[in-house]
Amino acid sequence: MTTSTNAFAVVTGASSGIGYELAKQFAEHGYDLLLCAEDDGIEQAAADLRRDGQNQVTAVRADLAHYEGVEHLYAAILEAGRPVDAIALNAGRGIGGDFATETDLREELNVIDVNVTSTVHLAKRVVPDMVARDAGQILFTSSIASMMPGTYQAVYNASKSFVQSFAEALRAELKDTNVTVTSLMPGPTDTNFFHRAQMDDTKVGSSAKDDPAVVAKQGFEALQKDKEKVVAGSVKTKVQGAMSKVMPDKLKGEMHRKMAEPGSGDE
């Protein structure tokens with residue numbers, strides 16, 4: 001990979017969904033890629049994104065819920081032997097259900113490990129290198145869920161609130177450098193997220209969702225324009241994001257209940 005003159009981007013959670021579409025955006029704009037996901041679909045994703053020999057794409061299979069998985073990914077970044085021009089910290093997962101009576105502790109801790117711990121861990125490895133070079137772009141996949149109490153998604157929304165706060169704080173810390181930080185804030189998006197979160201029977205899980213390609217394109221464009229954050233997706237999602245800025249938390253919690261309560265998809 002060291003012979004390439006292309007810019008170099010790292011994308012996590014890149015085997016499908018928003019992560020794959022983000023990787024596709026980077027590929028279409030001439031980047032070489034290092035893609036990471038925990039599932040074997042990452043190999044096919046890498047194969048699909050190799051553009052007729054015009055870019056180089058490497059796949060790394062690693063479970064970022066574990067310390068060793070993040071270290072394995074960072075070792076692969078170092079092995080590439082080149083600076084990271086852009087990184088999309090996109091890997092994430094959720095879990096739905098009543099916290100007190102339905103959800104499993106191990107599943108919720110896994111959500112925290114993926115969404116929070118691995119994000120901090122990987123950023124701690126990559127961001128100092130960018131600051132030392134005084135160059136780089138960082139994209140965090142947050143969520144409009146970060147702005148509202150997550151009734152029946154209590155741990156997930158809290159984890160995204162962490163990511164949002166973390167991204168905004170890093171941006172403020174790095175304001176006098178040439179390292180940029182952008183937060184991508186999707187709404188409900190048509191990916192495997194809700195099925196994996198055991199939310200197929202909820203209103204949000206069974207309703208129409210945003211196109212991940214649209215979400216990723218808006219995120220990539222915001223990154224290139226050095227925007228602080230972007231609520232990405234459909235007009236409906238952007239309106240919901242705007243409302244979340246002014247709506248009282250109690251009302252947002254009730255709105256979320258109607259979307260995420262188990263069985264609400266049948267109502």
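## Basis

The model is predicted: local features need pLDDT of at least 70, side-chain atom pairs count only at pLDDT 80 or more, and totals for chains, interfaces and linings use all residues. Residues are numbered from 1 along each chain as its sequence is written, and side-chain values use heavy atoms, with hydrogens and water left out.

## Helix H10

Helices (H or I, at least four residues) and strands (E, at least two) are DSSP runs, numbered from the N terminus. H10 covers residues 249-260, twelve in number. At 1.5 Å a residue, H10 should span 16 Å. The expected span is 1.5 Å times one less than the number of residues. The end C-alpha atoms of H10 are 16 Å apart, which agrees.

Its buried residues (under 20% relative accessible area, 1.4 Å probe, protein chains only) are Lys-252, Gly-253, His-256, Met-259 and Ala-260. Seen down the axis of H10, they fall within an arc of 120°, so they line one face. The arc is taken from the directions from the helix axis to the C-beta atoms. An α-helix has 3.6 residues a turn, so residues three or four places apart point the same way. The face turned away from the buried side carries Lys-250 and Lys-258, both exposed (over 50%). The buried residues of H10 pack against helices H5 (154-173), H7 (203-206) and H9 (235-246).

## Largest pocket

A pocket is an open set of points on a 1 Å grid over the protein atoms alone, where a 1.4 Å probe fits, with protein on both sides within 12 Å along at least five of seven lines; lining residues have an atom within 4 Å of a point. The largest pocket has a volume of about 870 Å³. Its lining has 42 residues, with Asn-90, Gly-92, Arg-93, Thr-191 and Phe-193 nearest the centre. Elements giving two or more residues to this lining include H4 (105-133), H5 and H10. The lining divides into 18 nonpolar, 18 polar and six charged residues.

## Second largest pocket

The second largest pocket holds about 310 Å³ of space. Of its 14 lining residues, Pro-188, Ser-207, Lys-236, Gln-240 and Met-259 lie nearest its centre. H7, H9 and H10 each supply at least two lining residues.

## Thr-119

Thr-119 is found in helix H4. Thr-119 is buried, with a relative accessible area of 5%. Not counting residues up to four places away in sequence, Thr-119 touches Leu-89, Val-114, Phe-140 and Phe-166. Contact means heavy atoms within 4.5 Å.

Technical notes. Grid points are joined across faces, edges and corners, and a volume is the space filled by probe spheres set on the points. Ala, Val, Leu, Ile, Met, Phe, Trp, Tyr, Cys and Pro count as nonpolar, Asp, Glu, Lys and Arg as charged, and the others, Gly among them, as polar.
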